[in-house]
Number of protein chains: 2
Amino acid sequence: MEKIVSLQNGRVKSWKKLATKKGREQQKTYLLDGWHLVKEAIAANEVLVSVMGTHDAWREYRDDLPTGLNAFEISDEVAKAIGDTVTPQGIFAEVKMPKTSTQLPEVIHGAWVFLDAVQDPGNIGTIVRTADAAGFEGVVFGHGTADQFSPKVVRAMQGSQFHVKLVSEDLFSATRYFKRSGLSVYGTQLNPAAKNYRELKTESAFGLIMGNEGNGMAPALADVTTNNLYIPIPGQAESLNVAIAAGILMFRLNEQ
Amino acid sequence: MEKIVSLQNGRVKSWKKLATKKGREQQKTYLLDGWHLVKEAIAANEVLVSVMGTHDAWREYRDDLPTGLNAFEISDEVAKAIGDTVTPQGIFAEVKMPKTSTQLPEVIHGAWVFLDAVQDPGNIGTIVRTADAAGFEGVVFGHGTADQFSPKVVRAMQGSQFHVKLVSEDLFSATRYFKRSGLSVYGTQLNPAAKNYRELKTESAFGLIMGNEGNGMAPALADVTTNNLYIPIPGQAESLNVAIAAGILMFRLNEQ
């Protein structure tokens with residue numbers, strides 16, 4: 001196995017570039033940091049371009065990894081340089097970005113979350129993870145929503161990108177597309193005049209739009225939804241965190 | 001108004017110390033960063049030990065602040081040094097930590113969240129904010145749960161510490177105390193053999209325990225609860241983020 005100890009090594013430089021959107025788009029790959037994510041990628045039959053581990057990490061995980069990998073032993077210093085966390089586990093993989101990430105399926109089935117200019121990577125990743133848990137089919141990333149494969153989004157997704165479809169699409173187009181397919185699209189608003197989410201009947205396929213942390217969803221988009229939902233707030237907080245609101249709605253709307 | 005431009009100024013040093021638990025305990029105060037939090041503190045009649053603003057911040061917020069404040073104009077450099085965010089809004093307040101933060105009320109009413117070794121400051125703050133929104137009465141911080149007033153917790157609480165009671169208490173003691181008062185305490189487990197949360201009847205006063213991000217709640221604590229709840233996961237994610245799980249449960253258990 002090739003050993004890499006220098007931060008000047010060309011491979012290290014290319015792995016570090018995966019922390020930026022430009023680097024990911026050029027290389028058409030992104031980085032998984034930590035054993036849970038590497039394991040999930042293997043279970044999902046993802047294409048592992050390379051697997052990088054420190055001496056200790058290889059000793060710990062070698063028996064659980066498939067053979068025939070493009071494997072590298074890296075120094076602790078290199079692990080810190082390419083990783084996103086302060087105390088990396090020392091195991092990484094570079095994986096191909098999914099090809100299908102730019103279009104909605106021809107026939108929509110299942111429930112989908114639409115993200116309208118959601119900004120915080122932790123919120124985005126957590127929403128994807130929660131959508132996966134709730135049995136949703138996919139997540140549509142609208143304009144202005146942070147990138148799908150940034151290190152912080154990937155960390156918060158916890159491997160759920162291997163279980164749900166991630167699509168980049170204009171949300172007006174996606175909303176029209178769903179409605180033409182006979183499906184409902186629900187917006188969300190901090191507005192007691194909107195529909196109480198508890199009054200909604202379960203549907204097997206629909207879209208649910210979550211908006212920007214500070215400003216909510218775009219008013220023009222709210223105008224073209226089937227309906228807009230509201231979560232009543234009995235307490236004194238002005239609003240809910242967007243990922244929390246998404247979780248409450250997704251686990252309500254998926255009830256049998 | 002006194003102007004402070006030097007990072008060597010004694011007040012700046014004392015404000016910076018509020019980023020550490022030791023500093024907060026010595027000074028019995030903590031720091032609010034940003035207009036939303038300062039405004040919430042004023043609305044809640046909190047004791048503002050001092051209010052610090054940059055030149056621009058004073059121009060913007062002066063008319064919305066009460067008179068008679070112990071006010072300081074600080075340089076942008078000082079604002080960056082004492083603030084937690086990369087781009088501070090330039091307005092801060094040093095406020096007294098609440099005296100009542102160490103004991104449960106003599107008569108318990110309302111719903112309470114118990115945090116069992118929850119680690120991530122963002123999760124903790126978000127749970128407090130969500131408890132506030134859901135109309136909960138308070139949050140009990142058990143041993144091993146990160147500090148209530150660290151900068152990241154305070155940022156995520158969004159001022160909800162002024163609306164709900166925050167108590168530090170051993171969770172075995174708190175559980176016994178609730179049960180002796182005739183109230184239920186519900187644990188949470190990633191265990192399909194536990195009780196489905198959707199089958200629970202609403203109660204007006206109870207405790208709900210949320211556990212550590214990696215390990216869940218302590219098994220010994222789960223043994224002494226009234227019941228333990230489970231959120232069924234129809235999808236492929238292994239688990240939910242603890243703040244998301246808390247949000248789903250709190251907004252279910254508070255339903256009328």
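Contact is defined here as heavy atoms lying within 4.5 Å. By this criterion, in the predicted model, the contact between the two chains takes 32 residues from chain A and 32 residues from chain B. Together, chain A and chain B bury about 2500 Å², of which 56% falls on carbon and sulfur atoms. Within the area that chain A buries against chain B, A:R129, A:I244 and A:F251 supply 22%, more than any other three residues. The size of an interface is often expressed as the accessible area lost when the parts come together.

Chain A was also examined at the level of its domains. Its domain assignment gives domain 1, spanning 2–97, and domain 2, spanning 101–253. The C-alpha centres of these two domains of chain A lie 31 Å apart.

A:T225 is placed in the loop that lies between α9 (219–222) and β12 (227–230) of chain A. Because its relative accessible area is 10%, below the 20% cut-off, A:T225 is classed as buried. A polar atom of the A:T225 side chain lies 2.9 Å from the backbone oxygen of A:A222. When residues up to four places away in sequence are not counted, A:T225 touches A:K179, A:V185, A:Y186, A:G187, A:I209 and A:M217.

In chain B, the analysis turned to the strand pairings of β4 (residues 71–74). Strand β1 (residues 2–4) of chain B is joined to β4 of chain B by 3 bridges, and the two strands run parallel. In this pairing, B:K3 stands opposite B:E73 of β4(B). Strand β3 (residues 48–53) of chain B is likewise joined to β4(B) by 3 bridges, again in a parallel arrangement. Here B:M52 stands opposite B:F72 of β4(B).

Conventions:
Residues numbered from 1 in each chain as written. Chains lettered and ligands numbered in written order. Predicted model: local features only at pLDDT ≥ 70, side-chain atom pairs only at ≥ 80, totals over all residues. Heavy atoms only, no water. Helix = DSSP H or I, 4+ residues; strand = E, 2+ residues; numbered from the N terminus. Buried < 20%, exposed > 50% of the residue type's maximum accessible area, 1.4 Å probe, protein only. Polar contact = N/O pair within 3.5 Å; in protein donor to acceptor, adjacent residues only side chain to side chain. Pairing = 2+ DSSP bridges. Domains from an automatic or database assignment. Buried area = accessible area lost by both parts, 1.4 Å probe.
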